[in-house]
Each structure stands twice: as structure tokens, then as C-alpha cells.
Amino acid sequence: MHEWALAEAVVARAGEVARERGIVAVREVVIGLGELQGVDRDALELGLSVVRADDPRLAGTAFAFETDPARLACRPCGHTWTLRESLAALPEEDREAIHLLPEVVHMYVTCPACSSPDFTVVGGRGVSLVAVNE
Amino acid sequence: MDPRPAVVARRLARVGRIVAVTGGKGGIGKSSIAVGLALGLARDGARVGLLDLDLWGPSDHVILGVRRPGLREDGGLVPDLVAGVVFMSIVSIVGERAALLRGDDITNAILELLAVTIWGELDVLVVDMPPGFGDTLLDAVRYLPRAEYVVVATPSELTLETTRRTLELLARLQVPIVGLVENLRRDRDASVAGRLSAAGAVRALGTIHYDDDYEPSLGDPVRLAGTRFMAEAGAVARRVRDTPAEPVAERP
């Protein structure tokens with residue numbers, strides 16, 4: 001599962017933030033889960049439970065999750081939309097490609113208003129670090 | 001906050017050298033040289049990775065003869081070995097679909113690939129760069145600070161000016177340059193390195209001549225291995241292997 005690699009990134013970045021702020025024991029890390037990437041939360045949590053050992057500051061940390069809807073904005077026509085339904089309607093193979101590399105969404109999705117593939121992902125792309133709390 | 005940059009260095013911690021193959025123009029043979037370097041280094045016994053960062057026009061897989069390079073999910077994305085080289089390309093993920101990516105998407109996609117690709121232990125990672133001086137080059141400079149650059153040029157007057165600009169830009173970006181590979185030379189052509197040297201020294205890594213046997217060998221690494229192209233690319237690969245990049249401070 002490639003969520004493991006993302007868990008390592010979260011732990012590494014959270015550790016950096018803790019170090020920068022002089023936090024010895026991180027109480028809580030809030031993680032944003034962008035719906036575009038469709039990260040498997042259970043797999044990510046499993047990864048976090050193991051790779052947290054990389055940084056003693058995270059030994060007692062609680063990991064909290066916020067779902068971040070995939071929000072897209074069409075450049076030519078200005079239409080904005082969330083991807084939830086149309087993402088679910090894609091074939092499994094296409095969703096897997098977007099899961100592995102969210103930018104390839106441009107190859108599978110078009111603007112529902114004007115059919116252009118030239119849109120911006122304005123939110124909800126992938127895994128983000130929302131907060132590192134002492 | 002984006003957590004991915006924090007893990008890129010760790011992903012490349014067991015990679016000895018990172019050699020980025022670049023050049024200002026399209027069609028001058030960057031992919032051919034990148035693949036030739038990777039195959040040449042691997043043939044000489046090195047553990048080699050190849051990352052095709054030409055997200056708009058990936059072609060390394062065509063040279064290597066794989067329609068869709070494989071990968072497996074195991075703690076990240078683990079690319080398959082192709083012709084003795086650990087090979088990662090956007091084609092592994094999207095197959096033959098055309099990539100429609102703006103600058104921010106390019107940056108995000110490169111960062112994602114660097115954050116999740118598990119290369120393992122390599123002597124050299126060869127990175128095939130897209131043409132030009134755009135987002136990919138700046139992203140490589142930012143996220144691959146250890147990368148050393150091999151510049152590809154052809155004898156055409158059309159590429160000479162761009163090659164000068166490429167060398168100047170890399171110097172301004174303060175990245176190490178391994179040297180220049182002269183590609184697609186015909187017997188009547190004057191040396192690129194010779195014509196460039198008037199403007200400032202750049203180490204010549206070797207010449208690869210136009211080879212009629214190259215095109216028919218595309219997609220067949222075994223046949224490619226027997227070509228003049230590969231003999232010359234192999235010599236360049238050994239030169240790269242034995243040549244430390246010019247320290248930034250010593251360049252003019």
C-alpha cells in the first residue's frame with residue numbers, strides 16, 4: 001500500500017514542525033484527507049501507528065482526520081464543482097490512477113458545464129498536515 | 001502544510017548519484033541519452049534507476065520496449081526492473097493517455113513521484129528531463145538538490161544558442177554540471193564542444209554519432225546493445241561514472 005509512504009511524509013513533516021516550534025511531545029496531529037486522492041484512512045492509520053516511532057516527539061500523539069472535498073474550478077468557463085459523485089462514477093482503474101497520482105485527474109474528468117479538461121484543483125487534492133498541536 | 005517534501009531526501013538516501021539529463025530543445029535526444037546512460041551503467045554492473053520526468057512526452061518506455069512499465073505498492077510505489085534498470089514513468093500510472101498538466105500540476109506530480117517512489121539502493125539514478133527551462137527544471141533543482149546535470153546538444157546551429165543558454169542557466173541556478181554530450185553528429189559536422197568552448201569551458205563527455213541502426217532498435221534493448229549508438233553511449237556512461245561534477249564555485 002502506498003499510504004505507508006504518505007504516513008512517513010506526515011510523520012517527517014510533523015516532526016519538523018514540532019522541532020521548529022520546540023514541542024517536545026506532540027499531543028495531536030490533524031491530517032487533511034483530500035477526497036481526490038482517495039487515500040485509504042485505515043491504511044494510513046496503520047502506517048502512522050508504525051512510522052511514528054521515527055520521531056520520539058510523536059510517541060503519544062493522537063492522529064485526527066478531516067475530510068477535504070475535492071473542489072475543482074474550470075479555467076475557461078469559471079464553473080466550480082466538487083468531485084465526489086463523478087469520482088465515484090469513474091471505472092476502478094481510472095480511480096486507481098488518480099489515487100496514485102492525483103494530477104492525472106485531468107485525463108479522466110472534464111468540466112460538467114463546458115467539458116473542458118483545463119481545470120484547477122482548488123482543494124482536496126491529497127494528504128495535508130492541518131495542525132500540529134502541543 | 002504539504003508533508004511530501006519532508007520525505008523526498010529519505011526516499012533518495014540510498015541513491016549514490018543523481019544524474020539529470022537535460023537540454024534546451026526538444027528532439028535532440030535527451031531520452032535516448034538518458035536511457036543509453038542508464039543501460040550503459042547497468043551493463044557495467046552498477047545498480048541504476050531511471051526516472052522519466054518528461055510528463056508531457058514520456059518516451060523512455062518506448063526505447064525500452066515496455067508499453068506500461070509495472071509497479072507494485074509496497075510501502076510506496078516500487079517500480080519494476082526493465083532491461084536491468086529500475087524504471088519509473090508516468091506511463092506506469094496512466095498508460096498511453098496524454099497528459100494535460102499545467103505548471104502547478106507538474107510540480108505536484110513530480111513531488112508526489114519523488115515522495116512515494118521506493119528506489120531502494122542504487123548507485124545512480126538517471127533522470128530524464130523534459131525540454132526547456134520550465135517547471136520541471138526548477139522543481140528538480142528544488143527537490144533534487146544533489147542532482148548533477150548532463151547537458152545534451154546536437155551539432156545543429158539551431159541548438160547551439162539554446163545549449164549556451166542552458167549552460168548559463170544551470171550556472172545561475174548553481175547546480176553542478178557533469179558535462180556535455182554531443183548527440184546526432186554526422187561526420188561532416190563540426191564539434192559542438194569546440195564551438196561552445198569559445199564561450200566558456202564545459203567538459204566534453206563524448207560524442208554519439210547519428211546511427212541508422214538506432215531507430216530499428218527502438219523497443220528492443222538487446223538489439224540496441226549491439227548498435228554503435230549504445231557503444232558510444234556506454235563510453236559516455238563510463239565517463240560520467242568516473243567524472244565528479246564540476247564544483248559550482250569553480251565554474252566560470
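This is a predicted model: local features need pLDDT of at least 70, side-chain atom pairs count only at pLDDT 80 or more; totals for chains, interfaces and linings use all residues.
Residues are numbered from 1 along each chain as its sequence is written, and chains are lettered from A and ligands numbered from 1 in the order written.

In chain A, the axes of α1 (residues 3-21) and α2 (residues 41-51) come within 8 Å and cross at roughly 50° (axes are fitted to C-alpha atoms over the stretch in contact, with angles from 0 to 180 degrees between N-to-C directions; helices are DSSP runs of H or I with at least four residues, strands runs of E with at least two, numbered from the N terminus). From α1(A), A:E3, A:W4, A:L6, A:A7, A:E8, A:V10 and A:V11 meet A:A43, A:L44, A:G47, A:L48 and A:V51 of α2(A), contact requiring backbone-placed C-beta atoms within 7 Å.

Between the chains, 23 residues of chain B are in contact with 22 residues of chain A. On the side of chain B that touches chain A, the elements giving two or more residues are α1 (5-11), α4 (91-94) and α5 (103-116) of chain B, and α5(B) gives the most, with six residues.

Within chain B, helix α6 (residues 135-143) has B:T136, B:L137, B:D139 and B:A140 buried (20 or more other backbone-placed C-beta atoms within 10 Å of their own). These four cover an arc of only 165° around the axis, which puts them on the same side of α6(B), the arc being that of the directions from the helix axis to the C-beta atoms. The buried residues of α6(B) pack against β1 (15-22), α5 and β7 (122-128) of chain B.

Note on methods. Two residues are in contact if their C-beta atoms, placed from the backbone, lie within 7 Å. A residue is buried if 20 or more other C-beta atoms lie within 10 Å of its own, exposed if 12 or fewer, and partly exposed in between; C-beta atoms are placed from the backbone.
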